[in-house]
Amino acid sequence: MRGRLRRAYDSGRASARARRVDPVDAPGEPDIPSGPATAGAATTAGPEPSSAPHPSTASQDDADVPHALRIAAAWSWRLIAIGIVAWALLRIVGTIRIVIIPLAIALLLSALLAPAVGWLLRARFPRSLATGVVLVGGLAAVVGTLTLAVNEFIRGVPELSEKSSQGVRQIQDWLRTGPLHVSDSQLNHYIDEAQTWITGNSKTVTTSALSATATLAEVLTGTVLVLFATFFFLRDGNKIWRFLVRLLPVAARWKVDDAGRASWATLGAYVRATVLVAFIDAVGIGVFLVIFDIPFAFPLAALVFLGAFIPIVGAALSGGVAVLVALVDSGPVTALIILGAVIGVQQMEGHVLQPLIMGRAVAIHPLAVIIGIAAGVVLAGIAGALVAVPLIAVLNTAIRRLAARTVPDTPPDAVVVASQAP
């Protein structure tokens, strides 16, 4: 009995050594028996099929599923989970957009006004006073511009209405004497149908008016929130950012801080470059409007300036309004000239100004711009279209910084504590 136990022990040790040297058995090679009942006995049966699962599967059932199908299933449920989370986030954003949109606009204004606050701080102004002076000055500039535009618009409305009536009469004459030969009875019939449609849809018009009133209340609430948020972002923005960074794990703080500061620099560069490009567009189109004596030259230039903040779409829409006013006021020839001026200014903007002023740091593919604007319009209307492209630029910079393998520089005020061996 003692000899048998000794031989079984030696056989088990030999088997263990063999598996350590070559842990994967060769195909078709019989397993080495290690039990005491079969020690020393010759193996006469053929090799038994291995029942161990494939290394990439968790069970024998998974081993029977094709590898490509397992990969597709793994990707599918992960994409479904990501889609559910994204859908939930969009619903949350849509629910509280009255808060998110003003905060986003306040960030844009803060990025635009931050250099002016920095100049006053270097001039030994207190931080609160510097922030208040810059904010009040910016608000006064906006209110003054809007006042001038509205006053000119009010002065020009009677003349434009008269010319519009003349244009309508010319269209009616052309319908009678032109190739269509529309009779007076047919014109009256079409006018009656239009009046009937307006009467039948008066409920819809009333609902739209009530909706506009509610939108006006939201705009007033958002404006107040924008002013307060802009003030505190300009005064305490650095403190707010440090507080948010401290909420993260210690190992991720420097990386996130580096990505956040780079994103803030990108946002500032984007906003300042957009303001400069919009100003050049407004001046270029406004000069042509003044030369050809188009009414509402200043309001249309201001509209072009505001529309330039929505890339591609905004400039086209504001330029279209200028062409329409030129058509009503001065006829098709002048309208075609203004259209050529608008197209020329936009081509110079797209191919010269934006690459030269914005540079490669905030360059975004046009497809991403179009998709972002469409998503912003769906989620939050015009305000969403306004903040969509800056948000894409910021996310682009942040993701690139977070994905980079370089280690951020050590902050100058960091304290490094080294432990000594006892």
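**Reading the cores of a helical chain**

Author: Setting aside neighbours within four places in sequence, Leu289 touches Ile294, Ala297, Leu300, Ala322 and Ile338, where contact means heavy atoms within 4.5 Å. This is a predicted model, where local features need pLDDT of at least 70, side-chain atom pairs count only at pLDDT 80 or more, and totals for chains, interfaces and linings use all residues. Residues are numbered from 1 along each chain as its sequence is written, and side-chain values use heavy atoms, leaving out hydrogens and water.

Reader: Which residues have the most contacts inside the largest nonpolar core?

Author: A nonpolar core is a set of buried Ala, Val, Leu, Ile, Met, Phe, Trp, Tyr and Cys residues joined through side-chain atoms within 4.5 Å; buried is under 20% relative accessible area, exposed over 50%, partly exposed in between (1.4 Å probe, protein chains only). Here the largest one has 15 residues, and Ile285, Leu289, Ile294, Leu300 and Ile338 have the most contacts inside it. Helices H8 (250-291), H9 (297-307), H10 and H11 (332-357) each give it at least two residues. Apart from that core lies another, of 12 residues, including Leu108, Ala111, Ile310 and Ile373.

Reader: How many helices and strands does the chain have?

Author: Helices (H or I, at least four residues) and strands (E, at least two) are DSSP runs, numbered from the N terminus. The chain has 12 helices and 0 strands.

Reader: Is Ser318 buried or exposed?

Author: Ser318, in helix H10 (residues 313-330), counts as buried because its relative accessible area is 5%. Beyond neighbours within four places in sequence, Ser318 contacts Leu303, Val304 and Gly307. Across the chain, 23% of the 422 residues are buried.
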